[in-house]
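Colleague: Please walk me through this model, starting wherever you like.

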Amino acid sequence: MNHEGRMYREGDPDTSIEAAEHVDATRLEAMVLEVVSKYPNGCIQDDVLNAYRGMPYSSITARFISLKRKGCIVYTGEKRVGRSGRNQRVMQITEQGLHHD
């Protein structure tokens, strides 16, 4: 999301702008928080993606940064190996995230 609250940048193609205007970011954030909240010891990106296998990758992964900025999730500093064999950061829901609307 840019500084004006839009989910696209100046100069993006019309198709990108149309797609961004139809994203229900609030619903997607709630979906991500629902999964993260089920992992008291934290989870990685793959855990969230596995819960929503039919969803586009970027629809889910784009929510992590916005939820972090809002104080709804934090990264613990721990890393765990994902299905690719690479390390992924562990995230946990915050008290604020538990009460996110």
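Modeller: Let's start with Glu29, which counts as buried at 3% relative accessibility. The cut-offs are under 20% relative accessible area for buried, over 50% for exposed and in between for partly exposed, with a 1.4 Å probe and protein chains only.

Colleague: Before we go on, what sort of model is this, and which pLDDT do local features need?

Modeller: This is a predicted model: local features need pLDDT of at least 70, side-chain atom pairs count only at pLDDT 80 or more, and totals for chains, interfaces and linings use all residues. Residues are numbered from 1 along each chain as its sequence is written, and side-chain values use heavy atoms, leaving out hydrogens and water.

Colleague: Thanks. Back to Glu29, then: which residue forms a salt bridge with Glu29?

Modeller: Lys70 does, with the closest N and O atoms 2.8 Å apart. A salt bridge here is a side-chain nitrogen of Lys or Arg within 4 Å of a carboxyl oxygen of Asp or Glu.

Colleague: What does that pair tie together?

Modeller: Glu29 is in helix α2 and Lys70 in the loop between α4 and β1 (73–81), so the pair ties together parts that are 41 residues apart in sequence. Helices (H or I, at least four residues) and strands (E, at least two) are DSSP runs, numbered from the N terminus. Lys70 itself is partly exposed, at 39% relative accessibility.

Colleague: How many salt bridges does the structure hold?

Modeller: The structure holds 3. Glu34 and Lys38 meet in one of them, at 3.8 Å from N to O. Glu34 is partly exposed at 42% relative accessibility, while Lys38 is exposed, with a relative accessible area of 57%. Another joins the side chains of Glu78 and Arg80, at 3.2 Å from N to O. Glu78 is partly exposed at 37%, and Arg80 is partly exposed at 25%.

Colleague: Switching to rings: how many aromatic pairs are there?

Modeller: There are 0. A pair would need rings of Phe, Tyr or Trp (its six-membered ring) with centres within 6.5 Å, with planes under 30 degrees apart called stacked, over 60 edge-to-face and the rest tilted. The charged end of Arg89 does sit over the ring of Tyr75, though, 3.7 Å from its centre. That needs NZ of Lys or CZ of Arg within 6 Å of the ring centre and within 35 degrees of the ring normal.

Colleague: Now the inside. Which residues touch the most other members of the largest nonpolar core?

Modeller: Val32, Val36, Val48, Ile60, Phe64 and Ile73 do, out of 16 residues. The elements giving two or more residues to this core are α2 (25–37), α3 (45–51) and α4 (57–69), and α2 gives the largest share, 6 residues. A nonpolar core is a set of buried Ala, Val, Leu, Ile, Met, Phe, Trp, Tyr and Cys residues joined through side-chain atoms within 4.5 Å.

Colleague: And what does Phe64 touch?

Modeller: Leaving aside residues up to four places away in sequence, Phe64 touches Val32, Gln45, Val48, Ile73, Tyr75 and Met91. Contact means heavy atoms within 4.5 Å.

Colleague: Ile73 keeps coming up. Is Ile73 buried or exposed?

Modeller: Ile73 is buried, with a relative accessible area of 1%, and lies in strand β1. The C-alpha atoms of Ile73 and Met91 are separated by 6.4 Å, although the two residues are 18 apart along the chain.

Colleague: What do the buried residues of α4 pack against?

Modeller: They pack against α2, α3, β1 and β2 (87–93). Thr61 is among those buried residues, and counts as buried at 18% relative accessibility. Beyond residues up to four places away in sequence, Thr61 touches Gln45 and Leu49. After α4 comes Gly71, whose phi is positive, near 80°.

Colleague: Last one: what is the mean pLDDT of the protein chain?

Modeller: The mean is 84, and 76% of the residues reach 70 or more; pLDDT is the predictor's confidence in each residue, from 0 to 100. Over residues 1–8 the pLDDT is below 50, and this stretch has 11 contacts in the model beyond near neighbours in sequence. Residues 16–22 are also below 50, with 5 such contacts. Where pLDDT is low, the predicted coordinates should not be read in detail.
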